[in-house]
Amino acid sequence: MTEQSAPERHVFEYALVRVVPRVERGEQFNAGVVVYCRAKSYVGVRTHLDEAKLRVLDPEADADGIRAALGAVERICAGGEAAGQAERDEAGRRFRWLIAPRSTVVQPGPVHTGLTADPTAEADRLLDLLVR
């Protein structure tokens, strides 16, 4: 019998991406998750806009504008030319920029940590667990 070693796990950080349709009211719901793993030079995001939740909190909300803001988060995570000023920034710097507090309709939540062998799969798992 051969002993199989467990996959190497690495520290990762994540923050939820929240939609706050009416900032003055403070009501919010989760619409995505940003995951960063320094050991893997990985930053990724998964988003899902639940329009039914959005309409409950604000029937007049601009769903297209919110989708555009979530798309901007996705482009920054991906890096490259579509990321604008973050085009050449390394993964950690893009993550830190995305989690900086802001008072807009799309906001980052607090940062949490964990261990993972696969940050891409972790992003999928967290989306299913915390957003959908």
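Reply: One definition comes before the pairings: two strands pair if DSSP finds at least two bridges between them. The model is predicted. With six bridges, strand S2 (residues 29-37) and S3 meet that condition and run antiparallel. In this pairing, the residue opposite Tyr36 in S3 is Val43.

Me: In what order do the elements of the protein run from the N terminus on?

Reply: The protein has four helices and four strands. From the N terminus on, the order of these elements is β-β-β-α-α-α-β-α.

Me: With which strands does S1 pair, and over how many bridges?

Reply: S1 pairs with S2 in the antiparallel sense, over seven bridges. Tyr14 has Val35 as its bridge partner in S2, and His112 in S4 stands opposite Tyr14. The pairing of S1 with S4 is likewise antiparallel. The bridges therefore number seven for S1 with S2, and for S1 with S4 they number nine.

Me: Is strand S3 largely enclosed or open?

Reply: A residue counts as buried under 20% relative accessible area. Five of the six residues of S3 (residues 42-47) are buried. S1 is also mostly covered, with nine of its 10 residues buried. The count for S3 means that this strand is, by the rest of the structure, largely enclosed.

Me: What is the phi of Ser41, and where does this residue lie?

Reply: Ser41 lies in the loop between S2 and S3, a hairpin with four residues between the strands. Its relative accessibility is 61%, so Ser41 counts as exposed. Ser41 is a residue other than glycine, yet its phi is positive, near 50 degrees.

Me: How far apart are the C-alpha atoms of Ala100 and Ser41?

Reply: Ala100 is found in the loop between H3 and S4. Ala100 has a relative accessible area of 28% and is therefore partly exposed. Along the chain, Ala100 and Ser41 are 59 residues apart. Their C-alpha atoms are separated by 19 Å.

Me: Why are the buried residues of H3 on the same side of this helix?

Reply: The buried residues of H3 are Ala91, Gly92, Arg94, Phe95 and Leu98. They are on the same side of H3 because of the arc that they cover around the axis, only 160 degrees.

Me: What covers the buried residues of H3?

Reply: Cover is a matter of contact, with heavy atoms within 4.5 Å. What covers these residues includes the helix H2 and the strands S1 (10-19), S2, S3 and S4.

Me: Which element supplies the largest share of the lining of the largest pocket?

Reply: The largest pocket holds about 170 Å³ of space. Of its 14 lining residues, those closest to its centre are Ala69, Val73, Leu98, Arg102 and Val106. Helix H2 (63-78), helix H3 (91-98) and strand S4 (106-116) each supply at least two residues of the lining. The largest share, four residues, comes from H2.

Me: How do the residues of that lining divide into nonpolar, polar and charged?

Reply: Among the residues closest to the centre of the pocket is Arg102, and Arg belongs to the charged class. The whole lining divides into 11 nonpolar, two polar and one charged.

Me: What share of the contacts with a separation of 6 or more is between residues 24 or more positions apart?

Reply: The protein has 132 residues, of which 42% count as buried. Its C-alpha atoms fill a box of roughly 60 × 35 × 20 Å along the principal axes. Among contacts with a separation of 6 or more, the share from residues 24 or more positions apart is 59%.

Note on methods:
Residues are numbered from 1 along each chain as its sequence is written. This is a predicted model: local features need pLDDT of at least 70, side-chain atom pairs count only at pLDDT 80 or more; totals for chains, interfaces and linings use all residues. Side-chain values use heavy atoms; hydrogens and water are left out. On a 1 Å grid over the protein atoms alone, a cavity is a set of points where a 1.4 Å probe fits but cannot get out, and a pocket is an open set with protein on both sides within 12 Å along at least five of seven lines; lining residues have an atom within 4 Å of a point. Grid points are joined across faces, edges and corners, and a volume is the space filled by probe spheres set on the points. Buried means under 20% relative accessible area, exposed over 50%, partly exposed in between (1.4 Å probe, protein chains only). The arc is that of the directions from the helix axis to the C-beta atoms.
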